[in-house]
Amino acid sequence: MNKRRSLIFSIVRGLAAILIALAVATLLIYICAEGDTAADKGAQTLSALHQLLVGPAFRSNGALSTKNLCDILAAMIPITFTGLATCVMFSANQFNLGAEGGIMLGAFTSALCAIYLPLPGGILPLVSVLAGAAIVAAMMLIPAVLKTRLGVSEMVCSLMLNYVVMYIIKYLLNSHLADKSKGQIQTYEFQSQSLIPQMVNNGSKLSWGFAIALAFVVLTALFMYRTRWGYAIRMIGINKDFAMYSGIKVGGVIVLSQVLGGMLAGMGGGLEMLGRYNTYSWSALPGYGWTGITVAILAGNNPIFVPLAAFFMAYLDKGCSLMSTYSNVPSQLIDIIQAVIFLFFAAEQFLSHYRQKLVVKSTQEEMKLKEAAASAAEGSAK
Amino acid sequence: MAEEYVVEMKGITKVYPNGIAANQEVDLSVRKGEIHALMGENGAGKSTLMKMLFGLEQPTSGEIWVNGEKVNLTSPTVAISKGIGMVHQHFMLVPSLTVAENMVLGMVPKKSGMFIDSKKAVEITKEYADKFNLHVDPDAKVMDIPVGMKQKVEILKALVRGAKILILDEPTAVLTTQETTELFKELVNLKKQGYTIIFISHKLNEIMQITDRMTILRGGRSMGVYNTQDENPEKISRLMVGRDVVLKVEKDKAQPTDVVLRVRDLEYVNEWGKKMLDHVSLDLRKGEILGIAGVEGNGQKELVDMLFHLNTPNSGTVEVNGENILGITQRKIREKGVSLVPEDRMLYGIADGGTIEENLISDRCGAKHLNHGPLFDMKAIHEESDRLIKDYTVLCKSRAQQVKMLSGGNIQKVVVAREFSNDPKLIIADQPTRGIDVGATEFIRKKLVELSRSGIAVLLVSADLNEVMELSDSLIVMYGGRIAAYFEDTSDLNDEMMGEYMLGLKQQPAEQIGRVCHE
């Protein structure tokens, strides 16, 4: 199949998955809608759908909503990082799900640095974020080394590790680090010079972390496709035996992929924390790591597509929260929509008949071209 | 009906999901009670066509008729119920069960409705074995019986299930000359009893020997049906490959010098306690091709695995230019100038989802000339891969094409291009031309000779007797994990002689074998 047809197939397949998800969503909204008559319910459904799909981008008067769009871009920061982290780890065929605990630990570490380190502005945020990245990179050594040394499943290990990390943080926060003068459980306030400055001042929390996230998209893509280490990670992901036979240090590269994934997740946590909050109060897993997995899969493990996938997820998220604010539809609906999209993207056989038809068509065309070329050659020979 | 066809396949086209058109508008008509050859090079579409007849694959378009009835063969179960049986190239037997148990698998005779009646199973086996003159030992475990008998079990299995039409997929590929002769007798016998046999092969002499008619496939298309007795081998060969092939490789006499590879007393017992390598010692010198012949499963694979640290021996030493290579990483083995063309190219040889370029640079991705500091020097990498694609005539659209989209021969050329081009001192070529087309085979063989004459040591492991006898300067036969024979000169060898050593009927004395160590 030629490149253009493959691309068309991917797009059609993606759109079909989204449309089916929306159809399911419409049905659910209709069920949730309040109203006595079907017409009432229908009208409510339409307005809810409008909020979901158009609300994030446009105000009710039709003007572009800068505030909403900035919110969406701000929400992209953490999931871009966890998406990149997951891309790197999944590319090596390592199903490490530790980006969730990683982003929490990164955020927590950066927060502590921001509170306690006596450093001047400019240097403090840098050091805090890097400290978060370093700690999470070290954390990922646990599943990575256990995998390469003892053959422990990195998936199970990293999944469990998320909860270990969460409860350690909770314990430290509750027992040792909480600001007792506050009504809720939170740390002391960050030093003001530790905060990452905002890009726009409209209350959207769109910090310069967004620009850093985009820079890391480029860096990660360069790393994966333009360096020998990224190459080694990808080859191991395609065929580990081939990589080993070719002289690639498989164990080392597997560790590397997860340490890098940890670094990216930790950095995302730090940037999110210092760009959005001025005190640390997360006492449960934030969910960005799970969304990161969806982002990585939507992006086909290619870092370049991560921002697109992250934008899509953030847009849906915003749409759902608007929908739950302005209509009676519960915001949990986004989880269902996400799950359905995810299901159809991950289902390898989805639309495989259509794909087979395209394949047959291209092959037949190619054959015809070849034959034409052959007969032309014969003709000229005569 | 003037002619009675038991199988008719009309206008069969099969396109695989990866876009490969394995069959295009192929017709096949088989008469009742004949041995019908399906001929063609590897990749011509023979196996695909037969998989569709046995219900393993469904055609993209076309019709299949069996006994004058149009059928829709959705699974092997359906095919079996229509009287079609298939003996696969790689046997589908359970090694830990006995012959009789394998025979009745899926149709087990029961005692009082619950327990397996093993006596009955043995009886059934004996009955069929006698009826068709295919002698097997019903109580032996399949893992302990020789390849020839495994094949008989497979044939019997199909017959027990009521097959009247037998498909044999390259049945002689794993057999020795003697076993092949026996198989042919059995097939003629079956034919006399009214069975129809479809015989897949690409070996001309076999086809000429036992078949009545043949259908020739080339590049997924049918080249027509012929009566075997009316045709000559040259014509068939032309029809198969579209040109006259000379598979003779010109080579000068080897001038071997220093020993490159030194193997001493290598021993290996596999996980089931079977001794796979038994005191294997050999030397391989610069500038020569040392062939290793033998029926598969006699220790060749294990020997190669040890040389490239894909497995670890129980004892023994392996040195390359005086340095140990046992137990060190593949990277270090490669640094000492060892290259391997692996037997299983899809497992070790390539990353099938990667591009051609990515597959060409895997052993040198850290090399200075391909990197600019931390980044790849893409220009240098493109140049290197374009050069290799050109030098090794890899047929492809571009270096960015996925390797899995290539044909078997071109995939092997990618492997060979990489393994031959990194300035090797020792090339281990394990079944380098298995399952690939004649053109690629010829190319790879020529290249091996050329490299050996330029002063590289080549260890050639091949189950293809012609290949190993044609290319090698000196030759070892392995049997039962041991070196059964060593021939310093390959020019006066013949198939019969080799067959006797390969089957373990003969064994050279130790001093003669010892001469492979050039102390």
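Tutor: Start with one pair of facing residues: M39(B) stands opposite I216(B) in β11(B). Keep in mind that this is a predicted model.

Student: How many bridges join β3(B) to strand β11 of chain B, and do they run parallel or antiparallel?

Tutor: Four bridges link β3(B) with β11 (residues 213–218) of chain B, and the two strands run parallel. β3(B) also pairs with strand β10 (residues 196–201) of chain B, in the parallel sense and over five bridges. In that pairing, L38(B) is set opposite I200(B) of β10(B).

Student: Which way do the side chains of β3(B) point?

Tutor: The general idea is that side chains in a regular strand alternate between the two faces of the sheet. Here I35(B), A37(B) and M39(B) point one way from β3(B), while H36(B) and L38(B) point the other way.

Student: Are the residues of strand β3 of chain B buried or exposed, and what follows for the strand?

Tutor: A residue counts as buried if 20 or more other C-beta atoms lie within 10 Å of its own. Five of the five residues of β3 (residues 35–39) of chain B are buried, so this strand is largely enclosed by the rest of the structure.

Student: What is the strand order in the open sheet of four strands in chain B?

Tutor: The order is β2-β1-β4-β5 (chain B), and the pairing is antiparallel. β2 (21–31) and β5 (69–71) of chain B are the edge strands, each pairing on one side only. From one strand to the next, the twist averages 25°.

Student: Can we look at one pair in that sheet, and at what packs on it?

Tutor: Take β1 (residues 5–15) and β4 (residues 61–66) of chain B, which pair in the antiparallel sense over five bridges.

Student: How many residues of chain B are in contact with chain A?

Tutor: Interface size is often given as the accessible area lost when the parts come together. Here we count residues instead: 26 of chain B are in contact with 22 of chain A. On the chain B side, the elements giving two or more residues are α10 (330–335), α11 (345–349) and β20 (375–376). The largest share, three residues, comes from α10(B).

Student: What kinds of residue make up the side of chain B that touches chain A?

Tutor: That side divides into 13 nonpolar, eight polar and five charged residues.

Key:
Residues numbered from 1 in each chain as written. Chains lettered and ligands numbered in written order. Predicted model: local features only at pLDDT ≥ 70, side-chain atom pairs only at ≥ 80, totals over all residues. Contact = placed C-beta atoms within 7 Å. Nonpolar A, V, L, I, M, F, W, Y, C, P; charged D, E, K, R; others polar. Pairing = 2+ DSSP bridges. Axes fitted to C-alpha atoms, helices over the stretch in contact; angles between N-to-C directions. Buried ≥ 20, exposed ≤ 12 C-beta atoms within 10 Å, placed from the backbone.
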